[in-house]
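Here are my notes on the fold, jotted down point by point. Have the model open while you read.

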Amino acid sequence: MTEIQAGKEEAAAAAASDISSVPAIELDEVVKEYQAHGEVVQAVKGVSLSIAEGEFFSMLGPSGCGKTTTMRMIAGFEDPTRGSVRLHGRDVTDVPPNKRDVNMVFQSYALFPHMNVWENVAFGLRRKRVPGAELRRRVGEMLEIVDLTGREKRRPREMSGGQQQRVALARALVNQPRALLLDEPLGALDLKLRQAMQIELKRIQREVGITFVYVTHDQNEALTMSDRIAVMNDGLVEQLAGPREIYERPATKFVAGFIGTSNLLTGTAERFDASTVVVRLGEGDRVLVPVGEGARTGGQVEVTVRPEKIRISREEPAAGVSAVRGTVAEVVYLGTYNSYAVNLAGGAEFTVFEQNANDSSITAERGDPVWLSWQPHHSFAIGS
Ligand SMILES: Nc1ncnc2c1ncn2[C@@H]1O[C@H](COP(=O)(O)OP(=O)(O)OP(=O)(O)O)[C@@H](O)[C@H]1O
């Protein structure tokens with residue numbers, strides 16, 4: 001037995017003895033290919049991930065990146081072309097959806113229009129012939145969790161979109177699945193309701209303690225609710241981490257661009273002192289990057305910095321910070337902050353956010369020459 005095999009066996013034995021350490025969902029090198037008009041489309045190109053019991057896990061990415069296909073393979077609605085799916089330690093790759101102990105909630109709530117709220121939620125339990133007293137208790141409890149007590153007699157058409165979505169959620173949760181899969185469930189709601197429902201969903205998930213897997217193309221939604229996020233692009237996971245790390249330390253250019261706004265600079269990296277690398281941009285400008293933040297010396301590197309970390313000023317900043325010069329191309333007043341588009345001397349275009357903390361005056365107007373500066377630890381080199 002090799003050392004690696006021995007290590008794997010030990011880990012497996014440890015996992016088996018401690019039920020909570022068995023992941024709720026595991027995908028192992030999952031690939032999905034479709035045949036479309038004589039061509040093979042690879043919707044998912046090899047995804048491996050492990051979702052912990054009780055986790056709020058999101059799959060985030062642009063349209064067509066393979067999120068829904070990945071989720072449908074977890075649910076069992078699609079068979080992987082290659083790779084395997086495990087739920088709570090059991091290989092379910094060939095197990096049909098109704099035997100998987102997961103439930104799915106869709107954007108279209110698919111409620112029964114002729115049934116009232118109570119009947120909609122009770123439907124699954126009736127089919128399973130759950131006895132009357134237990135059924136009433138479970139439906140009642142679930143309606144309380146989704147905050148619909150008192151609305152039992154309403155029909156779906158007599159309710160708002162958010163309320164209907166909560167009925168759909170209650171209907172899925174009342175069956176006590178071990179994991180709930182949600183595919184853009186808030187997609188049909190307007191922004192205000194969506195935001196309210198995001199907080200609601202997170203609360204409900206905490207209360208019921210079930211693993212939630214959430215598919216969305218909305219970065220704010222994923223950042224608000226998730227314990228961890230898998231950012232997907234073109235059938236692959238580009239980064240898998242907590243919201244803070246995804247935002248503060250995007251692993252690739254794609255992630256940096258997809259989550260929030262980021263500014264990119266290209267330059268030549270040189271060792272400056274024991275703790276800092278300097279990236280020279282031409283035009284005399286330079287960016288400082290702490291050693292260990294990926295800026296390999298002796299070649300071209302790309303460095304990124306978020307718009308809210310940058311200070312815009314008319315005067316040259318003090319030494320010790322990264323500083324570049326530019327000209328203001330546009331200023332937009334957005335209430336809580338001002339957004340500047342700045343053309344840098346080296347050719348790049350930067351976005352800078354300036355909080356309206358003190359007064360509503362704007363530091364610079366269109367056409368003004370400015371300095372942009374930020375602390376070295378706010379920038380890091382980024383992979384392509
Ligand atoms: N049944 C199918 N036949 C052929 N191609 C498909 C099929 N289903 C999905 N695809 C393709 O696979 C890719 C991934 O689709 P998928 O629906 O998983 O993406 P998505 O990230 O969920 O996108 P969206 O946010 O638009 O739903 C797309 O290019 C899509 O056109």
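1. In what sense do strand E9 and E10 pair, and over how many bridges? Strand E9 (residues 228-233) pairs with E10 in the antiparallel sense, over five bridges. Within that pairing, Ala230 has Leu240 in E10 as its bridge partner. For the bookkeeping, strands (E, at least two residues) and helices (H or I, at least four) are DSSP runs numbered from the N terminus, and two strands count as paired if DSSP finds at least two bridges between them.

2. Some ground rules. Residue numbers start from 1 along each chain, as its sequence is written. The model is predicted, with local features needing pLDDT of at least 70 and side-chain atom pairs counting only at pLDDT 80 or more, while totals for chains, interfaces and linings use all residues.

3. Now the overall layout. The protein splits into domain 1 (15-252) and domain 2 (261-381), with bounds that come from an automatic or database domain assignment. Their C-alpha centres are 40 Å apart.

4. Back to the sheet with E9 and E10. It is open, has six strands in the order E6-E7-E8-E3-E9-E10, and its pairing is mixed. E6 (102-105) and E10 (236-241) are the edges; each has a single partner strand, so one side of each is left without a neighbour in the sheet. On average, neighbouring strands here are turned by 20 degrees against each other, direction ignored.

5. There is also an open sheet of four strands, ordered E2-E1-E4-E5, and its pairing is antiparallel. Strand E2 (39-51) and strand E5 (90-91) are its edge strands, each pairing on one side only. Inside it, strand E1 (residues 25-36) and strand E4 (residues 82-87) run antiparallel and are joined by five bridges; Ile25 stands opposite Leu87 in E4.

6. The crossing is right-handed, meaning the near helix is turned clockwise from the far one by less than a right angle. Val117, Asn120, Val121, Phe123 and Gly124 of H3 meet Val167, Ala170 and Arg171 of H5 (contact: C-beta atoms, placed from the backbone, within 7 Å). Those residues divide into five nonpolar, two polar and one charged, where Ala, Val, Leu, Ile, Met, Phe, Trp, Tyr, Cys and Pro count as nonpolar, Asp, Glu, Lys and Arg as charged, and the others, Gly among them, as polar.

7. H5 also packs on H6 (residues 191-208): the axes come within 11 Å and cross at roughly 20 degrees. That makes H5 and H6 roughly parallel, and their crossing is right-handed. On the H5 side, the contact includes Gly161, Gly162 and Leu173; on the H6 side, Leu193 and Val208 are among the residues met. The contact divides into seven nonpolar, three polar and no charged residues.

8. Finally, H3 and H4 (residues 132-145) pack at about 135 degrees with axes 10 Å apart, so the two are oblique to each other. This crossing is right-handed. Contact residues include Trp118 and Arg126 of H3, and Arg138 and Met142 of H4. By class, there are eight nonpolar, no polar and two charged residues.

Notes:
Two residues are in contact if their C-beta atoms, placed from the backbone, lie within 7 Å. Axes are lines fitted to C-alpha atoms, for helices over the stretch in contact, and angles run from 0 to 180 degrees between N-to-C directions. Angles under 35 degrees count as roughly parallel, over 145 as roughly antiparallel, 65 to 115 as roughly perpendicular and the rest as oblique.
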